[in-house]
Amino acid sequence: MSRTPACLRQALIGIRFFTRIYMLMVVLIGFMGAGKSTVGRIVADLLGVSFVDTDVFIERHEGRTIREMFDLHGEAYFRQIERAAVTELLEDRASVLALGGGAPMDREIRALLGGHTVVYLHVPYEQALVRVHGDSYRPLLHGSGVRQIYDSRMPVYESTATIRVETDGRRPDDVAREVLHRLAPTPNLRDGSSCLVTAVGGTYFAHAGPGVTARAVDLIPNAAAAESVVIISATQDEQISDSIASQLDGHSVIRATVDDHERSKSFSTVARLAEQMATQMVHRNDLVIGVGGEVVCEIAGLVAALFNRGIPLALVPTTLVAQADSAIGGKNAISLPQGRNLIGTIYQPVAVVADTAVAARKDQRGYSAGLAEIVKHALLQGTDAVNAVMSLAGALRGRDPAAVNQAVRVSQEFKAAVVSRDDRETGDRVFLNYGHTFAHAIEWATGVDGSDDGAPIAIGMMAAAHVSHIQGRMSAAEVEVHRDLLVALGLPTSATVDVDRLEAAWMRDKKYDHGVRLVLLDRIGVPRRGCTATREELATALAALAPG
């Protein structure tokens with residue numbers, strides 16, 4: 001590894017830029033039915049590069065099916081065309097390429113694959129036949145000796161591949177995520193962790209651990225490729241941004257500060273930052289680094305998404321709420337007087353670097369909000385996760401650095417898994433809104449800054465728990481589990497909330513769909529999305545929230 005150029009070592013940390021910037025190709029091989037085309041498309045989407053199936057490419061180029069070529073001219077003729085096609089396609093290096101099952105048997109093609117990352121998707125013979133049963137376009141299925149062909153190809157696949165992945169009994173998206181994990185070597189962080197986020201909008205590592213700020217630039221994959229680096233930091237986090245700037249020798253560093261308060265999430269803030277970047281002639285291959293809490297990370301993300309129609313973004317979250325939750329997943333937004341986060345994008349970063357020792361500092365904002373998000377993640381996961389957080393409750397209240405590090409790492413892994421399955425909030429990611437529909441309405445009605453204060457989300461989860469119980473989804477004992485966990489972490493569980501004020505806020509909620517939509521729990525660990533509640537049920541739940 002010592003002989004590898006420093007810029008390539010950095011690129012290996014983030015496989016999206018591993019493929020785009022350093023122009024390395026991922027080639028999938030395997031027997032028919034292994035899922036090369038399906039998995040290849042998913043991998044290419046997650047990497048943000050193009051996907052090519054050589055069989056489809058050849059058929060379109062020749063204007064006839066592969067079976068027709070076999071029937072009219074024989075296999076030798078087809079292999080000659082295939083060899084020429086693979087030679088051409090390998091020249092376009094930034095892509096994912098799925099080869100036909102017989103392509104690696106050709107000595108010249110095997111030679112061409114040398115130096116490329118070749119992933120062998122292994123499928124057992126019986127499973128392969130089940131998957132391709134009835135496919136009239138596969139020439140081998142119409143002859144004898146398929147088993148012999150399978151047996152003869154296995155050792156060639158093995159010797160050609162640099163990575164082998166099993167596919168038997170697995171979903172294509174699960175196989176694709178393993179491919180990505182195998183492609184991206186996990187950095188070795190002392191007392192830290194690196195979890196891979198495989199969102200369609202970009203694949204990246206979320207790093208967490210004490211002191212990781214000192215090597216932040218090493219953990220950002222395209223920092224070396226940028227000419228200019230824009231550091232957008234919270235006013236109170238300038239010392240951390242100073243440390244990052246000192247690591248950027250040879251770069252033009254542009255500094256900007258933002259107050260880490262909800263009121264900063266405005267068009268005027270975005271315009272000020274964009275105008276500064278334009279004046280400094282920032283280009284599409286440069287880099288934005290957001291250093292701060294939830295607000296600063298969201299503003300930096302929105303600016304990066306919009307400027308020059310998108311430039312690379314890295315996030316260095318400094319608050320507990322940003323490290324455990326909001327910095328992962330690509331949500332960026334500003335607010336309007338009529339409601340929170342109404343203008344925004346989903347734009348994934350290239351890396352998240354969370355120094356958990358910073359989040360644990362006594363003077364750091366956003367701590368109670370982070371505790372509330374950690375509680376939410378536990379309630380969505382189940383009883384074991386709830387018990388684990390409860391065991392850390394005393395240490396977390398005291399901001400013990402080791403407990404904060406552990407809680408952030410667990411929450412990041414959970415959030416990364418959810419976002420990897422659904423980055424556009426059309427599936428499982430909706431569950432992360434548990435308690436948020438109430439919380440955002442409470443924030444709008446009271447003016448409380450939920451990026452700093454955990455009270456709105458804590459009260460929101462209690463309200464959602466009461467509604468779940470009223471609708472017969474969850475037991476009274478499970479409502480008490482909510483209360484006990486929140487109290488153990490020093491978070492509120494009661495408040496006086498007016499249903500009319502909430503309904504006025506819900507009309508402005510971006511998730512409004514012919515009425516307010518809630519995430520409720522059928523039981524702890526079993527969330528349900530798209531739920532509704534009558535005004536009477538809501539009023540009863542809010543009455544249960546009242547103090548005393």
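# Pockets, cavities and binding-site residues

Me: By class, what residues does the lining of the second largest pocket have?
Reply: The lining of the second largest pocket has 11 nonpolar, 10 polar and 15 charged residues. Here Ala, Val, Leu, Ile, Met, Phe, Trp, Tyr, Cys and Pro count as nonpolar, Asp, Glu, Lys and Arg as charged, and the others, Gly among them, as polar. This is a predicted model, in which local features need pLDDT of at least 70 and side-chain atom pairs count only at pLDDT 80 or more, while totals for chains, interfaces and linings use all residues. Residues are numbered from 1 along each chain as its sequence is written, and side-chain values use heavy atoms, with hydrogens and water left out.

Me: What counts as a pocket, and what as a cavity?
Reply: Both are found on a 1 Å grid over the protein atoms alone. A cavity is a set of points where a 1.4 Å probe fits but cannot get out, whereas a pocket is an open set with protein on both sides within 12 Å along at least five of seven lines. Lining residues have an atom within 4 Å of a point.

Me: How much space lies in the second largest pocket?
Reply: About 600 Å³. Of its 36 lining residues, the closest to the centre are Glu298, Lys331, Asn341, His436 and His440. For such volumes, grid points are joined across faces, edges and corners, and the volume is the space filled by probe spheres set on the points.

Me: Which element gives the largest share of that lining?
Reply: Strand β13 does, with seven residues. The elements giving two or more residues include β13 (339-346), α16 (367-381) and α19 (436-446). Helices (H or I, at least four residues) and strands (E, at least two) are DSSP runs, numbered from the N terminus.

Me: Which domains does the lining draw on?
Reply: The lining of the second largest pocket takes at least three residues from each of domain 2 (193-361 + 399-421) and domain 3 (434-545). The assignment also gives domain 1 (3-183), and the C-alpha centres of domain 1 and domain 2 are 36 Å apart. These bounds come from an automatic or database domain assignment.

Me: How many cavities of 30 Å³ or more are there?
Reply: The count comes to three. The second largest cavity holds about 40 Å³ of space. Its lining includes Cys297, Glu298, Lys331 and Tyr347. Two or more lining residues come from each of α13 (294-306), β11 (313-317) and β12 (331-336). By class, six residues of this lining are nonpolar, three polar and two charged.

Me: Changing topic, where does UniProt place the feature "binding site"?
Reply: The unreviewed UniProt entry places it at Gly33, Ala34, Gly35, Lys36, Ser37, Thr38, Arg138 and Arg170. UniProt positions are given in the numbering used here, feature names are shortened, and annotations may be inferred rather than shown by experiment.

Me: Is Ala34 buried or exposed?
Reply: Ala34 is buried because its relative accessible area is 2%; buried means under 20%, exposed over 50%, and partly exposed in between (1.4 Å probe, protein chains only). Ala34 is found in the loop between β1 (26-29) and α3. Leaving out residues up to four places away in sequence, Ala34 touches Leu121, Val123, Arg131 and Thr167, where contact means heavy atoms within 4.5 Å.

Me: And how does Gly35 count?
Reply: Gly35 has a relative accessible area of 24%, so it is partly exposed. Gly35 also lies in the loop between β1 and α3. With neighbours within four places in sequence set aside, Gly35 is in contact with Gly40, Leu121 and Arg131.

Me: Where does Ser37 lie?
Reply: Ser37 is in helix α3 (residues 36-47). Ser37 counts as partly exposed because its relative accessibility is 24%. Beyond its neighbours within four places in sequence, Ser37 contacts Phe51 and Asp53.

Me: Why does Gly292 count as buried?
Reply: Gly292 counts as buried because its relative accessibility is 0%. Gly292 lies in strand β10 (residues 287-292). The C-alpha atoms of Gly292 and Pro317 are separated by 5.1 Å, although these residues are 25 apart along the chain. Apart from residues up to four places away in sequence, Gly292 touches several others, among them Ala234, Asp260, Val316 and Pro317.

Me: Last one: where is His482 found?
Reply: His482 is found in helix α21 (residues 476-488). At 0% relative accessibility, His482 counts as buried. Not counting residues up to four places away in sequence, the residues it touches include Leu379, Tyr434, Met461 and Ile524.
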